[in-house]
Structures are given as structure tokens and as C-alpha cells.
Amino acid sequence: MGVVFSEIRLDTGKRKELVDITEQVVSAISKGGIRNGICLIHSLHSTSALIINENEDGLRMDMLKKVSEEYPPGIGWLHDRIDDNADGHLAGAFIGPSITLPVKEGLLVLGTWQSIFFLELDGPRKGRRILVEIMGER
Ligand code: ZN
């Protein structure tokens, strides 16, 4: 049984943005040496989220539109009195900061049309941190 930690760092360029981090997670698994187990991916920020879905240009825009419709900015949220990003906190809270995926025979198990996205909800930001913890048998 083994446990391996690594961290993904990224800069974002827009207020709301989807960043595909699949390659970085796949790389962490190949370096980690765990053959069978699970991979926890966890964002360390309260104005972000992680999701799994298809990386298609139109769908990425649809997902961002949906987030803005569900959690509109500037409609009198109380937290906006402090730092004007309540919409980002709310989306982050309800979409969620973590995902867990299977690792089988040294490979991340994802469907053909599944990619892992970091969802920026209050960018642009530098040095966003995502923890990757891989647990299982070597
Ligand atoms: Zn805030």
C-alpha cells in the first residue's frame, strides 16, 4: 500500500474559465508508481471547482454560461460587501472542490469523452493549487 502526493499549479486568465488538467493528472499518476487504487484531486481554493466532462469548445462555453446563470454576479449577495466574489464562492461550494477517480493497472480510468477541468470562478489568478493524492498498491 502506498500514498503519493503531488501538486498542480496553474495561472488563469479570465474571471470564469475552464482549464483542462487531465494531462497533469495523468503525469502525476505515471510518476507516482501506484498500480491499482484511487486518485483524489482537490482544489485548495474556495472560488474554484473541479469537474469531469467533455472538452469540446461549444460545451465549455455552455458550461460557463450555465454557471453564470445559476450563480449570477452582483445581485445583492451579502458576501459582495467584503470582496465582490460571492458568485464564485457559491458556485465553488455547490459544484465542489474535489473529485475521485479509479487508477487501474497504472492508468487513470476515464471515459473516452471525459476530461478533468479546473473551474476558475474568480480569476484571473496566479498560482492556483490543486492537490493530487494517489493511494493504492504499487
Ligand atoms: Zn470572497
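Modeller: Two strands pair if DSSP finds at least two bridges between them. Helices (H or I, at least four residues) and strands (E, at least two) are DSSP runs, numbered from the N terminus. This model is predicted: local features need pLDDT of at least 70, side-chain atom pairs count only at pLDDT 80 or more, and totals for chains, interfaces and linings use all residues. Residues are numbered from 1 along each chain as its sequence is written, and side-chain values use heavy atoms, with hydrogens and water left out.

Colleague: Over how many bridges do E5 and E6 pair?

Modeller: Lys104 stands opposite Leu107 in E6. The sense of the E5-E6 pairing is antiparallel. The number of bridges is two.

Colleague: What is the order of the five strands in the open sheet?

Modeller: The pairing in this sheet is antiparallel. Strand E1 (2-10) and E6 each have a single partner strand, so they stand at the edges with one side left without a neighbour in the sheet. The order is E1-E8-E3-E5-E6.

Colleague: At what angle does H1 run to E1?

Modeller: H1 lies across E1, E3, E5, E6 and strand E8 (128-137). Axes are lines fitted to C-alpha atoms, for helices over the stretch in contact, and angles run from 0 to 180 degrees between N-to-C directions. H1 runs to E1 at about 150°.

Colleague: Is Phe118 buried or exposed?

Modeller: Phe118 is found in strand E7 (residues 115-120). Setting aside residues up to four places away in sequence, Phe118 touches Leu10, Leu18, Val19, Ile21, Leu50 and Ile130, among others; contact means heavy atoms within 4.5 Å. Buried means under 20% relative accessible area, exposed over 50%, partly exposed in between (1.4 Å probe, protein chains only). Because its relative accessible area is 0%, Phe118 is buried.

Colleague: Which residues of helix H4 are buried?

Modeller: Helix H4 spans residues 86-95. Its buried residues are covered by strand E4 (48-53), helix H2 (57-70) and helix H3 (80-83), among other parts. Just after H4, Gly96 takes a positive phi of about 110°. The buried residues are Ala86, Asp87, Gly88, Ala91 and Gly92.

Colleague: What spacing do the donors of the zinc ion follow along the chain?

Modeller: Donors are N, O and S atoms within 2.8 Å of the metal (3.2 Å for Na, K and Ca); water is not among the atoms, so sites may look incomplete. The protein donors are His79 (NE2), Asp83 (OD), Asp83 (OD), Asn85 (OD1) and His89 (NE2), at 2.0 to 2.6 Å from the zinc ion. His79 counts as partly exposed at 28% relative accessibility, and Asp83 is partly exposed at 39%. The spacing is H-x3-D-x1-N-x3-H.

Colleague: How many salt bridges does the structure hold?

Modeller: A salt bridge is a side-chain nitrogen of Lys or Arg within 4 Å of a carboxyl oxygen of Asp or Glu. By that rule the total is eleven.

Colleague: How far apart are the closest N and O atoms of Glu105 and Arg35?

Modeller: Glu105 and Arg35 form a salt bridge with a gap of 2.4 Å. This pair links distant parts of the chain, 70 residues apart: Glu105 is in the loop between strand E5 (98-104) and strand E6 (107-108), Arg35 in the loop between H1 and E3. Both are partly exposed, Glu105 at 46% and Arg35 at 39%. The N to O distance is 2.4 Å.

Colleague: What separates Asp57 and Arg60 in helix H2?

Modeller: Their side chains meet in a salt bridge (3.1 Å, N to O). Asp57 is exposed at 51%, whereas Arg60 counts as partly exposed at 25%. Because Asp57 and Arg60 are three residues apart in helix H2, the separation is about one helical turn.

Colleague: Which residues do salt bridges that share partners join into one network?

Modeller: Arg125 forms a salt bridge with Asp122, with the closest N and O atoms 2.7 Å apart. Arg125 is partly exposed at 31%, and Asp122 counts as buried at 12%. The network joins Arg15, Lys16, Asp87, Asp122 and Arg125.

Colleague: How far apart in space are Gly33 and Arg60, C-alpha to C-alpha?

Modeller: Gly33 lies in the loop between helix H1 (22-32) and strand E3 (36-43). Gly33 is partly exposed, with a relative accessible area of 38%. Gly33 and Arg60 are 27 residues apart in sequence, and in space 32 Å.
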